[in-house]
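Subject: Structure handover

Hello,

Here is the structure I promised to pass on. Please open it alongside these notes.

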Amino acid sequence: EKYKELKAIAEEKKLTIQDYIRKTLFPDYYNTITPLEAVNKALEKYEEGERFTVPEIFGEDWNLPNGAAGQFGKKFFELVEAEYSTKIKFTGDYSEKRRNAVYEIL
């Protein structure tokens, strides 16, 4: 029963259960950027036809280490595919410098 409650809270916040627990237990340590915040910021920052990578959304504020950045990128992709595919699409391309997925505003 508690697992279902935890899962519902995490899903509402667009986080995995693991990320929700980390963010709750270690708020000063855990990066507070969520995939939903990244989607909203991308939709505010870019116009139709513009292409971007997730780190470009945040510029100098992007400071996730490689492993965490990869997981964040996967969650961003999954959120875009599931709920924002009419507004943002993965282009199938990757940036040359860091091999980040390239997205486009629709």
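Below is what I found in it, starting with the ground rules.

This is a predicted model, in which local features need pLDDT of at least 70, side-chain atom pairs count only at pLDDT 80 or more, and totals for chains, interfaces and linings use all residues. Residues are numbered from 1 along each chain as its sequence is written, and side-chain values use heavy atoms, with hydrogens and water left out.

Overall picture

The protein has five helices and three strands. Helices here are DSSP runs of H or I with at least four residues, strands are runs of E with at least two, and both are numbered from the N terminus. From that end the order is α-α-α-β-α-α-β-β. The C-alpha trace spans about 45 × 30 × 20 Å along its principal axes. Of the 106 residues, 33% are buried. Buried means under 20% relative accessible area, exposed over 50%, and partly exposed in between, with a 1.4 Å probe and protein chains only.

The sheet

Three strands form an open sheet in the order β1-β3-β2, with antiparallel pairing. Two strands count as paired if DSSP finds at least two bridges between them. β1 (51-52) and β2 (88-94) are the edges; each has a single partner strand, so one side of each lacks a neighbour in the sheet. β1 pairs with β3 (residues 101-105) over two bridges. Phe-52 stands opposite Tyr-103 there. Four bridges join β2 to β3, and Ile-88 has Ile-105 as its bridge partner. β2 and β3 make a hairpin with six residues between them. Arg-99 in that turn has a positive phi of about 60°.

How enclosed is β3? Five of its five residues are buried, so β3 is largely enclosed by the rest of the structure. Ala-101, Tyr-103 and Ile-105 point one way, Val-102 and Glu-104 the other.

Contact means heavy atoms within 4.5 Å. Axes are lines fitted to C-alpha atoms, for helices over the stretch in contact, and angles run from 0 to 180 degrees between N-to-C directions. Helix α5 (residues 66-83) lies across β1, β2 and β3, running at about 30° to β3.

The axes of α1 (residues 2-12) and α2 (residues 17-25) come within 9 Å and cross at roughly 85°. That makes α1 roughly perpendicular to α2; the class covers 65 to 115 degrees, with under 35 roughly parallel, over 145 roughly antiparallel and the rest oblique. Tyr-3, Leu-6, Lys-7, Ile-9 and Ala-10 of α1 meet Ile-17, Tyr-20 and Ile-21 of α2.

Two residues to look at

Thr-34 sits in the loop between α2 and α3. Thr-34 is buried, with a relative accessible area of 6%. Beyond its neighbours within four places in sequence, Thr-34 contacts Leu-15, Lys-23 and Phe-72.

Glu-44 lies in helix α3. Glu-44 counts as exposed, at 69% relative accessibility.

Best wishes
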